[in-house]
Amino acid sequence: MTAAYPFRRTCKEVSALLIAREDRALPLRERLALRLHMAMCQACPRFERQVLTLRNAMKQWRNYSEAGE
Amino acid sequence: MPSHPSTDFEQQLVEQRSYLMRFARLQLRNDAWAEDAVSETLLAALAKPQAFEARSQLKTWLVGILKHKIIDAMRQRQREVTFDSGSDDDNADPLEHMAFKTDGHFAEKPADWGNPEQDLKSRQFFAILEACTDKLPAVQGRLFLMREWLEMSSEEICKELALTPTNLYVQLHRARLRLRECLDLNWFSQAPTR
């Protein structure tokens, strides 16, 4: 499988990559695999939006809570 | 009690104590450490009131000092801060709770979180977010807030706490997925009363 489709990833693997991307730079081949998967998948873009929402939420929380409410 | 002209300033500082404690506790997960960090912060502020004069926001200035004190505290206690005595449940991979088929594809699509711009304007949303963060297991919570509140890079965290990157990434992976799950359950899937 892996040899025949070196850039194929499951949704579960992609979810782990989307989470990992919040804390580290992904290697080039993982970034490419992620792109390819996202272009074909209906479910993972939703998960990605959740992760981006969380990223935004934490950023807002920092500003909001430190502005003294 | 020595009386000097800055008593007013002292009073203002003391009034910020509970606000500072909230963040110190959330980050340190230990009341005694939090007390110490906050006391050190207030002492440092008292020692250099002139540093505040040009600033308009007392809270922001104090939080800035507190963050440094907290990083010092964690550096000094790096073993305790990163010692994971968590339960099996704490250490489970939350990805395993998600609905994947055996071939690794989603069994059902993740929920559509709608229009989060609206949520991010809501005070209640932030209360839930903070509660979900507080519910993270201690080590995961500390490391997660080092990234998200102290705004440290993964490299800085590993260096300060003598952690391996692999260890850090495993904890952050769990923390982020747990937080996602907690918000999914307690905010995004709730009846649209907001």
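Arg29(B) sits in the loop between α2 and α3 (31-47) of chain B. Helices here are DSSP runs of H or I of at least four residues, and strands are runs of E of at least two, numbered from the N terminus. The phi angle of Arg29(B) is near 60°, a positive value in a residue other than glycine. Arg29(B) counts as partly exposed because it has 19 C-beta neighbours inside 10 Å. A residue is buried if 20 or more other C-beta atoms lie within 10 Å of its own, exposed if 12 or fewer, and partly exposed in between, with C-beta atoms placed from the backbone.

The model is predicted: local features need pLDDT of at least 70, side-chain atom pairs count only at pLDDT 80 or more, and totals for chains, interfaces and linings use all residues. Residues are numbered from 1 along each chain as its sequence is written, while chains are lettered from A and ligands numbered from 1 in the order in which they are written.

A positive phi also occurs at Ala162(B), a residue other than glycine, with a value near 55°. Ala162(B) belongs to the loop between α10 (154-161) and α11 of chain B. Ala162(B) is exposed, with 11 other C-beta atoms within 10 Å.

Phe52(B) lies in helix α4 (residues 50-53) of chain B. With 17 C-beta neighbours inside 10 Å, Phe52(B) is partly exposed. Leaving aside residues up to four places away in sequence, Phe52(B) touches Ala45(B), Leu58(B) and Trp61(B). Such a contact requires C-beta atoms, placed from the backbone, to lie within 7 Å. Phe52(B) and Phe100(B) are 48 residues apart in sequence, and their C-alpha atoms are 54 Å apart in space.

Chain B is assigned domain 1 (7-76) and domain 2 (85-188). These bounds come from an automatic or database domain assignment. The C-alpha centres of the two domains lie 27 Å apart. Seven residues from domain 1 of chain B and ten residues from domain 2 of chain B make the contact. On the side of domain 1 of chain B that touches domain 2, the elements giving two or more residues are α2 (17-28) and α5 (58-76) of chain B. The largest share of that side, four residues, comes from α5(B). By class, the side has three nonpolar, one polar and three charged residues. Ala, Val, Leu, Ile, Met, Phe, Trp, Tyr, Cys and Pro count as nonpolar, Asp, Glu, Lys and Arg as charged, and the others, Gly among them, as polar.

Chain A has three helices and zero strands. Of its 69 residues, 22% are buried. The contact between the chains takes 29 residues from chain B and 28 residues from chain A. On the chain B side, α5, α8 (123-134), α9 (138-148) and α11 (165-188) each give two or more residues. α11(B) gives the most, with seven residues. That side has 15 nonpolar, six polar and eight charged residues.

The twelve residues of α8(B) should span 16 Å at 1.5 Å a residue, and the end C-alpha atoms are 17 Å apart, which agrees. The expected span is 1.5 Å times one less than the number of residues. Buried in α8(B) are Phe125(B), Leu129(B) and Thr133(B). These residues are on the same side of α8(B) because they cover an arc of only 70° around the axis. The arc is that of the directions from the helix axis to the C-beta atoms. Arg123(B), Gln124(B), Ala127(B) and Ala131(B) are exposed on the other side of α8(B).

Terms used
Contact = placed C-beta atoms within 7 Å.
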